[in-house]
Structures are given as C-alpha cells and as structure tokens.
Amino acid sequence: MTIRNRLTWLFVGLVAVLLLAVMSVIYVLQLDYTQEEFQQRLLDRAEVTGYVFLEQDELRAEAFQNFQRHYLRRTLTNEVLQIYDARLTPRFLAEDIRVKVPDPVLAQILTEKLVYFTIGSRQAVGLFYHDNQGDYIIVAAAENIFGQARLEHLATILACIFVTSMVAIYVAGRVFAGKALAPIAAVNDQVDRITAQDLHLRVNEELSHEQDEITRLARTFNRMLERLEDGFETQRTFVSNASHELRTPLTASIGELQVLLNREREPAAYREALASVLGELQQLKQLLNNLLDLNQTSSANLTDDVRLDELPWEVREAVAPDQRHRVQITLDELPADPAPLEIRGNRQLLSRALTNLLDNALKYSAPDTPVTLHFSYNAGLVRLQVKDQGIGINEKALPQIFQPFYRADNARGVVGHGVGLPLARRIVELHGGQLRVQSRLGEGTTAEVLFSVVG
Amino acid sequence: MARVRALTRRRGKEVKGAQLTLADLTLDTAAKTVTRAGQPIKLTAREFGLLELLMRHTGRVLSRAEIAGDVWEESFDAGSNVVDVYVNYLRNKVDKGFTQKLIHTVVGMGYVMRVE
C-alpha cells in the first residue's frame, strides 16, 4: 500500500467515525424530541377528555364521539380514547377492541397517576383523574405516523449526507495526499537519474517549501552526493597516481635492461645494471606493500599487547645499519606502573608507522645530522616524537602531506612515493592515536604520535 | 626472507640450550622465555634484555650506566629514571609473590642478582 493510499484511507476513516458520531447524536436527539412531543399531545387529549366528560357532567357518549370526530380526530392517527373507573371497568365509552388495556397497566396508573406505555403499534398515556363523581382513569392512545415518518426521513437524509461526504473525502484525500507527496516522487525520479558517471548532478532543492521535510531530504541527498563525488574523485586520483608511481620504476628498469642487452658487455657492467634494477624492484615492492597496507589496515587484527616504550628500539633496529648511528633515543621519566604504557594493537603495523616517520626524518635531512626519537609519558598521555634537522616542509604544503602520493616541491629530489606518511597516520588513528606534524622550512620537522592511555 | 631464516636457524643452533638459572628462575636465551617455579613470565624485549644481563653477571653489582649502555645501547641523562623504573617493572614480574627475592639494590652502586 502506498503512503498516498494509506493517508487517504486514514483520512476517510477518521472523518467517517466523526460523522457517524455526530449523526447518531442528531438522530437520538430527534427521536427523543419526537417521542416527547407525541406524549405531550396524548396527555393533552387525555386531559381534554377528562375535562369534557367529567367536569361537564352528564355528557353522553354520542356527544363525545361527535366532539371527538369534529375536533380531535384529524390530528392523530388511529386515536383511541378510553375512560375507566376505579374498578377498572370502561365507562362512558364502549371499550375499543383494538386497544385492550391490560389490568396491571391500569392498576399501575392508579398508583402512579401518570404512565406512558405502548399498545401494539400505538403509543399511549394513562392519566389518573380525580373528580367529584369519583376516581377515573383516562387512556389516550394513537399511532405516531408523522413522527415516525419524520424520523425515517431524517435517517435517509443523514445516510445520503454520509455517503456523499465519504466519496467527497476520499476524492479530496487522494488529491491532497498526491499533491503533498508529489515532491517526494520528484526527488525519487531525480535521484534515480544520477549514476556513477554523473555524480556532479544534484537534486533540485526548491521542489517544496523552504525548511520543510522534503527540502531537507533533498539537501541530505545532495550532501551525500557531494561526499560520494569526493570519494570517487579521491579514488580516481589515487588510482592514476598509483599507476604513475608504479610505471616510473618499471619504465626505468625496462630501459636499463634494454640498453644492457644491446650488445655484449663486461661482467662488471651486468652486475652493476642488475644491482640497479634490483634496487628499482625493491622500491617497487615497498611501494606495493605500502599501498596494500593502506587499503587493508583494519581494526580486525589489533590483537597484540604493545608496550609503547619499547617501540623506539624496535624501530631503530628496523633502520638500515649505516643510518642507525644517527638515531638518538631519549626517554623522559617513566611511570612506576607500566600498565598505562601498554596498548592493544598490532605491533607490526605500529612499528611500520614509526619506521615510516623515522625513514622520512632520515631521508629529508643531511646525512651527518642526528634524528631524535623521544618518548615521554605524562598524565595519561604517551608522546612519541621523531625530530629531524632537515629540509622542513613549506607552510602551504603542510596541510596536504597526508594525501596519498602528495610530494612537496622540495621533496622531489629524494626518492619516495608519498605513501609512507598517509599510511603512518592511518595506522596511528586505527590505534586510537593522533599523528601531528610540525615543520619549519629549512629548519626541520617534528612528527608527533600521541596516545591517550588510561593513567 | 629465506636468507634471514637461514641466519636465525644457524644462530639458534649455536646458542641452543643456553639456559641461565638462578634458584627457581630460568631464562632461555634462545627461546626468549622466562619461568619461575615452573610458571611462565611474560617480559617485554627490554625487560628480557635487562634480566639476561643481570643473570649473566650473577653476583656482580652492575651500575646504572653499565645497564643502560648494554640494554638500551644508550647513555641516559642522570635525570632519566629508566633503569630504576625497569628494574622495578622486572621485580614486579619476577620477585613479587615470592619470599625469596633475587633482584637486589646496592645503594649508591647499582643492582645485583643473587640468592641471599
């Protein structure tokens, strides 16, 4: 069932219940009024009858019937008037066979003085009448044909109104629901048109009134599309950069091998060329490893207990032996309890992240300058700093250094792919830490890994 | 990788069975395991290095500078408490819960391991 149908039927149901309630009240009130009015008229008859017979002494039955025919008969259908005495026997008027009033009812009239009751299709009133000649009971009965007809008429009118209202409400409900939901259908159509190829398209935000739900929906869609477009763009750049980075060492190696195979050479020449190609291939493998890690690091394999204060030594051991002497490790005061220094994570990944930072520090500074690895712990915060006195990073380039494949202008002279730093940050963030880089062009760079640990 | 494995295998054979023992404390330099009274003790690389150094020189008092130079290959500023702190970490793992203490402080000189 569509929302439109649901809304329509809900609307119809609500109105039907309301309408039925109002109509029932009207009908019941009318029924009450008709009955009361008829009873009042019967009572009038009974009183007139009593007056005519009993106050005007000695009136004959024929005279009353004459009177009744002339003045009273027309207005009430099948009217019957009877008078009984205290012994419950009919007086003055012969008992009408059509209305045999049962004795218990007459007795009830004697005690209660005024009783409304029904005899067959007639409504009746019994009146106790006290006269100087004795006590009498006067019964007036008649069929309420007009009242009944009026009620039936009212019922017909109400039914007609009900049916037409329902039809009208259904049609109006469908139209309004359709109109209210039209913008959603429009948004739906527009979103449907947008594919991966044209993510630049946007949903029209002015389909509906400003600030209403549909405008918000359109805005939400547009924001999502923006993020998607960004994501696609990043992915595209990543792939094209990666392809370029992979092709460069391959092209160099192929060229080198082609030149080598041109003619016969000395064994030393072969060795030199192959060593060069091997270097290129190792570079390539490292790049591929980094790329794989960049895409595969996930929290699933954070299962080691890693002592953060051990990391600097592990990392230094991973550095090429001829560079190791440049790495100086300094330690601040350690806490008396080693528990806060231990985090749950992946030792290999954390080591890789710090190694990348250390490699960068060594790569982008002069061969004779030291690189400091500083560890400190203070009030629940573990800080690992890698500090060099190298070329530094331009202020403008600093915000971009975490983009994969980004290389600052002054870094082009050094072999690298621009993957290490993004990977390091990814790993650190995976472990709930933060990686910050501060730098001053020409003076040096400090990379800082921060972990908030339970102190 | 294969070459690295081959190297470690050869080295492993060389030092195989190199177990250091003091009272009920045993340290296996090849397997890098430590047990006391049969219970394995989990140590970090630096803690293991420190214990190995102390056990190799059982009965000899080692100064903080000697320990720092060997375990951390570094000479720390006088301000750093790293040696003291690590000896403390090690005590908590090795001596805690045992009546017989094996790691001892020699005031003004350094640390020594011996049965007293």
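**Close-up 1. A:Leu384 and its partner across the strands.** A:Leu384 has A:Val449, in β12(A), as its bridge partner. Their strands, β10 (residues 381–387) and β12 (residues 444–452) of chain A, run antiparallel and share seven bridges. Strands here are DSSP E runs of at least two residues, helices are H or I runs of at least four, and both are numbered from the N terminus; two strands pair if DSSP finds at least two bridges between them. This is a predicted model, where local features need pLDDT of at least 70 and side-chain atom pairs 80 or more, while totals for chains, interfaces and linings use all residues. Residues count from 1 along each chain as its sequence is written, and chains are lettered from A, ligands numbered from 1, in the order written.

**Close-up 2. The five-stranded open sheet of chain A.** Pairing is mixed, and the order reads β7-β9-β10-β12-β11. β7 (327–331) and β11 (434–440) of chain A sit at the edges with a single partner strand each, so one side of each has no neighbour in the sheet.

**Close-up 3. Where chain B meets chain A.** Eleven residues of chain B are in contact (C-beta atoms, placed from the backbone, within 7 Å) with nine of chain A. On the chain B side, α2 (45–56) and α4 (82–94) each bring at least two residues, with α4(B) giving the largest share, four.

**Close-up 4. Around A:Ala353.** Setting aside neighbours within four places in sequence, A:Ala353 is in contact with A:Ala424, A:Ile427 and A:Val428.

Terms used. Two residues are in contact if their C-beta atoms, placed from the backbone, lie within 7 Å.
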